[in-house]
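Subject: Structure for your review

Dear colleague,

Please find the structure below, together with an account of what was found in it. I would be grateful if you could read the two side by side.

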Amino acid sequence: MVVNGDKINFPGGGTHFHDGADKYIIVLAKMLKFSGDKLHNGGNIRNVLDVGCGVASFGAYLLPLNIIAMSLAPNDVHENQIQFALERGIPATLGVLATKRLPYPSRSFELVHCSRCRIDWLQRDGILLLELDRLLRPGGYFVYSSPEAYAHDLENRRIWNAMCNLLRRMCWRLVVKQDQTVIWAKPLTNSCYLKRERGTLPPLCSSDDDPDATWNVSMKACISPYSKKMHKEKGSGLVPWPQRLSAAPPRLDEIGVRREEFQEDTSIWHFRVTEYWKQMKSVIQKNSIRNVMDMNSNLGGFAAALSDKDVWVMNVAPVNAFARLKIIYDRGLIGTVHDWCEAFSTYPRTYDLLHAWTLFSDIDERGCGVEDLLIEMDRILRPDGFVIIRDKPSTINYIRKFLTALRWDGWVSEVEPRVDALSSTEERVLIARKKLWDDRIMTM
């Protein structure tokens, strides 16, 4: 970070990107011998996980390449770096590799990146590397830039040799090593696992383990094998970006959704979002919305409908619908699992728009407080930000009573939308804008 007067600039350098993150990304593409030195590899690399991301410069410089990164770092002593990333309008979230699985489905990312992320990958029988293995798609890459990859002192050599031994037993292939960076690739099929000697560690996970279950699920020191279908097809079966945004993902079968239902969902949300924007047209300012959250993301139709706008969407799958999050990742979008009876792990005032479809009805049925959720939304929402709440008329009427107290009455619109195939009951759409609290309001 460089302080210039009353502003902070992020030139894309840092402890590892000495020549800038943009040039570093080109180097990675060259190491992998991708056409045109483009890391997106013809749209086949779309979803990236950046572990220990700092202020997310790596993710920032991937965005112009049509690559979206989930930038992940803990709340630590480094000046709240995730807050900086979100202020920059870069997809980022608080998180840590510790004892619980990260809240993402299996086989969600084509590439995982770790640059000087100070993680002990060898602890607990390599359980953290096995978590990355769960998250990587078939043939996915692990890009590791750290002293262990190049330093020649005894301790770093010991760590390097132990990592290589572990990854060889995990069937990862060392693709290329250059200067401070090494890239491994996960196997495409189960073949290597089946050829290992009996008793080789780490073992394969048991057949009753669900690799997509993540909410409050402990990490497991085992390898998640591919399904028979994925093993046979030698890959995820996804088309390149941007076609994958609207193409029916192969894993729809796993959640019992027909392709026709998926296409209908996409069409309906395109219409719904168009109608939202028509309602907001008189008050929304150009480039005022960047960070968006869909609090009940379903199949990602809301986010897909925003693909022509300069925004990014954090798709949140409630815990009772966690299996659907893999469809969102298969579409080239990002998201997380969350229980809305609890606070969301982000800093205050980090999103410009929150969308809640039938979420309040669900929360009420579970016995959680509607008022608590409204207060949590207010914490997350930036001043002048918007909430779009689509729910039952009785729920909307109840929420309206709190708008003045929350100072969400900067602008309010309520309409009765047309009934469509996703409408299980009569619905209303409430759009409200949060005011900027001034000193007079704060002291009342």
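In strand β16, V429 is the bridge partner of R390, and V429 is also the bridge partner of V415. Helices (H or I, at least four residues) and strands (E, at least two) are DSSP runs, numbered from the N terminus. Strand β14 (residues 381–391) runs antiparallel to β16 and is joined to it by 6 bridges. Strand β15 (residues 411–415) is likewise antiparallel to β16, with 5 bridges. Two strands are taken to pair if DSSP finds at least two bridges between them. Of the 6 residues of β16, 5 are buried, so the strand is largely enclosed by the rest of the structure. Here buried means under 20% relative accessible area, exposed over 50%, and partly exposed in between (1.4 Å probe, protein chains only).

The model is a predicted one: local features need pLDDT of at least 70, side-chain atom pairs count only at pLDDT 80 or more, and totals for chains, interfaces and linings use all residues. Residues are numbered from 1 along each chain as its sequence is written, and side-chain values use heavy atoms, with hydrogens and water left out.

The sheet

An open sheet of 7 strands has the order β12-β11-β10-β13-β14-β16-β15, with mixed pairing. At its edges stand β12 (334–338) and β15, each with a single partner strand, so one side of each is left without a neighbour in the sheet. On average, neighbouring strands of this sheet are turned by 15° against each other, direction ignored. Strand β10 (residues 291–294) pairs with strand β11 (residues 312–318) in the parallel sense over 4 bridges, and M293 stands opposite M314 in β11.

Helix α12 lies across β13 (351–357) and β14, running at about 140° to β14. Contact means heavy atoms within 4.5 Å; axes are lines fitted to C-alpha atoms, for helices over the stretch in contact, and angles run from 0 to 180 degrees between N-to-C directions.

Salt bridges

A salt bridge is a side-chain nitrogen of Lys or Arg within 4 Å of a carboxyl oxygen of Asp or Glu. By this rule the count is 27. In one of them, D378 meets K434, with the closest N and O atoms 3.6 Å apart. This pair links distant parts of the chain, D378 being in helix α12 (residues 370–380) and K434 in the loop between β16 (428–433) and α15 (439–442), 56 residues apart. Both D378 and K434 are buried.

D209 and R101 form another salt bridge, at 3.1 Å between the closest N and O atoms. D209 lies in the loop between α6 (191–195) and α7 (228–233) and R101 in the loop between β5 (92–94) and β6 (109–115), so the pair ties together parts that are 108 residues apart in sequence. Both residues, D209 and R101, are buried.

E254 and K326 also meet in a salt bridge (2.7 Å, N to O). E254 is partly exposed, at 41% relative accessible area, whereas K326 is buried, at 5%.

Aromatic rings

There are 18 aromatic pairs in the structure. The rings of W121 and F142 have their centres 5.6 Å apart and their planes at 75°, so this pair is edge-to-face. Rings of Phe, Tyr and Trp (its six-membered ring) pair if their centres lie within 6.5 Å; planes under 30 degrees apart count as stacked, over 60 as edge-to-face and the rest as tilted. W121 and F142 are both buried.

With kind regards
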